[in-house]
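Dear colleague,

I am passing on the structure that follows, together with some notes on what was found in it. Please keep the sequence and the model open while you read.

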Amino acid sequence: GGLVPTDIPWRDLGYLLSGISGVLGMFCAAHAAGRVISSNEKIREGQVAPKVHPGKAALLTLLLPGLGHWATGRKFKAYLLGGSILGLFFLGMLLGDFADFDRQRHPYYWAGQMMIGAPGWITSALTSSFRFTSLFSYQDAGLLFTTSAGFFNVIAALDAFHRAEQDWLQAGPRGSKESEGEPKGAKA
């Protein structure tokens, strides 16, 4: 309608929802992959079922750094990754004076920042009214830290998926000819 983007009402809500839609797309992909693994690798009688599906572990990590590792029973890794990623994110917000989380000014950085999950979405909503009044000495470092935290969270989600996937595959059919060393497809 010829309006400057800053004049559009509810602009920040639109930005937030578009960022969430991308993250939800990743959630759906991870969930679908986890469902395939869990349906193909059935738990048999006498076996211990893994704690969480791989897709769910990845989704939990994408929602909150470290949560997927916590759900799979890897508490140290949950503390380590979650604390590191969130610490990097909030240090970046501090360096940018809590005003560098802006899709309008930094669309490429913002895309990475939104990968942090719920902390990023909440921060975006809370800081939408903050604006730069001057350039800060560490503004670029703040942008780099917050964006890197989002990308590191994606890597942590992939790790949580892999760890949960390994749990599922190790809980696969025990006592079968395959697990006793006989190759798949060998005839007795």
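**Notes on the model**

Ala78 is found in helix H4, where helices (H or I, at least four residues) and strands (E, at least two) are DSSP runs, numbered from the N terminus. This is a predicted model, in which local features need pLDDT of at least 70 and side-chain atom pairs count only at pLDDT 80 or more, while totals for chains, interfaces and linings use all residues. Residues are numbered from 1 along each chain as its sequence is written, and side-chain values use heavy atoms, with hydrogens and water left out.

With a relative accessible area of 8%, Ala78 is buried; buried means under 20% relative accessible area, exposed over 50%, and partly exposed in between (1.4 Å probe, protein chains only). Leaving aside residues up to four places away in sequence, Ala78 touches Gly66, His69, Trp70 and Gly83, a contact being heavy atoms within 4.5 Å. Thr61 is 17 residues from Ala78 along the chain, and the C-alpha atoms of the two are separated by 9.2 Å.

As for the protein as a whole, its secondary structure comes to seven helices and zero strands, and along the sequence the pattern reads α-α-α-α-α-α-α. Of the 188 residues in the protein, 38% are buried. Among contacts in the protein with a separation of 6 or more, 76% are accounted for by residues 24 or more positions apart. The accessible surface comes to about 10800 Å², of which 64% belongs to carbon and sulfur atoms; these areas come from the Shrake-Rupley method with a 1.4 Å probe, and for residues only the protein chains shown count as cover.

Returning to H4, how does this helix pack against H7? H4 (residues 75–95) and H7 (residues 139–170) pack at an angle of about 160°, with their axes 7 Å apart; axes are lines fitted to C-alpha atoms, for helices over the stretch in contact, and angles run from 0 to 180 degrees between N-to-C directions. That makes H4 roughly antiparallel to H7, since angles under 35 degrees count as roughly parallel, over 145 as roughly antiparallel, 65 to 115 as roughly perpendicular and the rest as oblique. The contact of H4 with H7 has twelve nonpolar, six polar and three charged residues, where Ala, Val, Leu, Ile, Met, Phe, Trp, Tyr, Cys and Pro count as nonpolar, Asp, Glu, Lys and Arg as charged, and the others, Gly among them, as polar. Residues of H4 that meet H7 include Lys77, Leu81, Phe89 and Met93, and those on the H7 side include Phe145, Phe152, Asp159 and Arg163.

The other packing partner to mention is H6 (residues 118–126), which meets H4 at an angle of about 20°, with the axes 11 Å apart. That makes H4 roughly parallel to H6. In this contact Leu86, Phe89, Phe90 and Met93 of H4 meet Pro119, Gly120 and Thr123 of H6, and by class there are five nonpolar, two polar and no charged residues.

Ser124 also lies in H6 and, at 9% relative accessibility, counts as buried. Apart from residues up to four places away in sequence, Ser124 touches Leu16, Phe101 and Trp110.
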